[in-house]
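Please look over the structure shown here before reading on.

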Amino acid sequence: MTATAPREEQLWSRCAGCASLLYRKRLRRNLDVCPECGEHARLAAPERLRQLVDPGSLRPLPDELPEADPIDFVDVLPYPHRLSAARASTGLTEAVVCATATIGGHPAVLAVMDFRFLGGSLGCAVGELITRAAERALDDRVPLILITASGGARMQEGTLSLMQMATVSQAIAALREAGLLTVSVLTDPTYGGVAASFATNTDLVLAESGARMGFAGPRVIRQVTGRALPEGFQTADVLLRHGQVDMVVQRRSLRGRLGALLAATRPARAGRPPSLPVPRQEPAPLREHLPDADPALPADPTPPTTPGASAVRDAWDTVRMARHPGRPTTLDYLDSVFDGFVELHGDRLGGDCPAIVGGVARLADRHVMVIGHQKGHTTAELMARNFGMASPAGHRKALRLMRLAARLGLPVVTLVDTPGADPGVSAEEQGQAAAIAENILTLTVLPTPVLAVITGEGGSGGALALAVADRVLMLENAVYSVISPEGCAAILWPDRSAAPQAARALRLTAPDLCRLGVVDEVVPEPSTAAHDNPAETAHRLRAALLTNLLPLLDVPPAMLVRLRRQRFRRFGSTRAGVRAGVR
Ligand SMILES: [Zn+2]
């Protein structure tokens with residue numbers, strides 16, 4: 001709803017749905033739903049909380065966090081300027097407001113996102129605040145309710161914002177293990193990294209009437225497919241028809257519906273003790289939590305191998321190197337690094353995605369489960385493999401193989417090389433966001449060693465769906481990013497030709513990500529590049545895999561999971577926290 005004229009703006013607003021001129025007080029009484037056409041206007045987080053919880057029960061959780069600009073991001077404006085402007089215009093500290101409250105007399109912890117604040121984007125502070133809210137729910141043994149509104153991960157914080165998808169997901173996994181209910185309420189709009197993590201990996205997913213949810217946005221899909229989108233694409237009613245949400249709820253019924261769900265799930269919650277006590281975890285580097293006497297883990301921090309060339313190579317040149325069609329693919333590595341690969345197919349739900357290959361293989365004399373994105377060298381190969389962009393069937397095949405590996409006691413090695421998940425209509429209809437979200441969550445609790453290698457392009461959520469691991473390695477000329485440089489340039493710069501600047505600003509190279517702690521070790525490539533000497537690249541990759549995998553094999557699974565969670569928990573406030581000496 002937009003105000004009509006400055007003089008009248010306190011009194012009247014115009015409906016975005018039917019353009020009716022509405023008396024503001026009447027609109028507010030009607031919960032900002034147009035009485036003429038039923039359009040649900042977007043709500044600010046404080047107003048949303050006021051509408052949902054029992055009067056007098058709201059207790060906001062602290063939201064003070066140190067200033068964060070973890071990668072010193074500058075587009076046409078420095079990131080801190082954008083943050084200050086968002087704070088001034090919303091009166092909020094960040095894009096989420098967290099609180100404890102009761103709904104229909106039932107206690108819960110709520111985290112409510114606010115789209116007005118930088119598009120509700122998920123940055124380190126937002127991830128940290130939601131994670132703390134989830135930890136509060138765990139401490140209080142009450143349900144967690146997430147009200148989402150977001151354009152996706154916050155690109156101004158680079159790959160660290162991508163890590164938040166894992167951080168919040170593992171907090172949700174801890175609530176699952178403790179038998180505590182998690183509910184997400186999708187409001188308009190919920191996209192990208194938020195859709196592909198905590199908006200869809202909760203126990204229950206409700207959609208407010210008129211909400212739209214998806215992994216890729218409609219504009220991107222239209223651009224990629226060159227086709228008009230089906231009627232109602234990604235809207236709540238269509239999501240319900242495709243099995244993506246539990247129910248669509250009118251705003252006026254939301255409070256009652258949440259109250260009823262909290263009441264219905266209460267006995268089970270109260271009666272069942274947590275199956276796995278999950279100690280509250282402080283964010284800290286993995287190493288500090290290792291018992292001194294345990295020689296089982298890799299001696300660390302493995303000093304990042306100092307690669308010669310890329311220390312001076314421009315980020316954009318590295319992007320082009322990572323995309324080089326001659327670069328070895330997952331199937332090439334399965335041939336050169338591993339022995340006896342036996343491919344396994346299918347998600348058991350109706351599909352087998354060619355962009356993901358997986359199966360059992362031997363690494364030296366150890367059996368492992370290998371899962372990776374497959375691109376190709378020729379146009380025909382690339383097309384047959386959908387350019388390495390996995391569909392939901394691909395993510396579900398990967399999920400099946402990860403779980404199988406854990407059951408069989410096999411370690412998992414993933415090879416990540418994808419521009420991103422498939423930005424298509426049917427991928428969205430088949431639940432792209434939820435498929436990625438489930439993989440991320442499952443990896444945070446998988447009771448077997450997981451070793452990930454970014455071998456080429458690590459594109460956003462599609463990459464993270466295979467990269468929540470105990471150790472994350474990266475080939476020297478690979479890249480790993482929250483968004484493609486072209487996509488970032490199109491949004492924050494006047495146009496796509498700024499992709500080289502965006503590539504530099506995003507800190508997507510292996511040495512940068514090693515410094516940020518996202519990556520544990522850089523695997524050096526032959527002096528020119530991987531594609532010039534695939535045999536030597538394979539030799540180096542094999543050595544790095546063995547060095548990093550073997551020590552993990554002796555760690556008890558429960559401890560592996562605990563350490564993996566600490567690894568991802570530290571990205572929350574971390575950079576900021578470390579700088580300011582907080583927590
Ligand atoms: Zn209207």
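Which helices and strands are included in what covers the buried residues of H22? The model is a predicted one, and in it the cover of these residues includes helix H4 (124–140), helix H5 (158–177) and helix H16 (432–445), together with strand E16 (450–459) and strand E17 (471–475).

**Helix H22**

- Helix H22 takes in residues 557–569, and because its 13 residues should span 18 Å at 1.5 Å a residue, the 18 Å between its end C-alpha atoms agrees with that expectation.
- The helix is mostly covered, since 10 of the 13 residues in H22 are buried.
- Among the buried residues of H22 are Met559, Leu560, Val561, Leu563 and Phe568, and the list also includes Arg564, Arg565, Gln566, Arg567 and Arg569.

**The zinc site**

- The zinc ion has as its protein donors the SG atoms of Cys15, Cys18, Cys34 and Cys37, which lie 2.3 Å from it.
- The arrangement around the zinc ion is tetrahedral, because the 4 donor atoms subtend angles of 106 to 112°.
- Along the chain, the donors of the zinc ion follow the spacing C-x2-C-x15-C-x2-C.
- Distant parts of the chain are linked by the pair Cys18 and Cys34, 16 residues apart: Cys18 sits in the loop between strand E2 (12–14) and strand E3 (21–23), while Cys34 sits in the loop between helix H1 (24–29) and helix H2 (45–52).
- Cys18 counts as partly exposed because its relative accessibility is 33%, whereas Cys34, with a relative accessible area of 2%, is buried.

Definitions and conventions: Residues are numbered from 1 along each chain as its sequence is written. This is a predicted model: local features need pLDDT of at least 70, side-chain atom pairs count only at pLDDT 80 or more; totals for chains, interfaces and linings use all residues. Side-chain values use heavy atoms; hydrogens and water are left out. Donors are N, O and S atoms within 2.8 Å of the metal (3.2 Å for Na, K and Ca); water is not among the atoms, so sites may look incomplete. Four donors count as tetrahedral if all angles lie between 85 and 135 degrees; four count as square planar and six as octahedral if opposite donors are over 155 degrees apart and all others between 65 and 115; anything else is irregular. Helices (H or I, at least four residues) and strands (E, at least two) are DSSP runs, numbered from the N terminus. Buried means under 20% relative accessible area, exposed over 50%, partly exposed in between (1.4 Å probe, protein chains only). The expected span of a helix is 1.5 Å times one less than its number of residues. Contact means heavy atoms within 4.5 Å.
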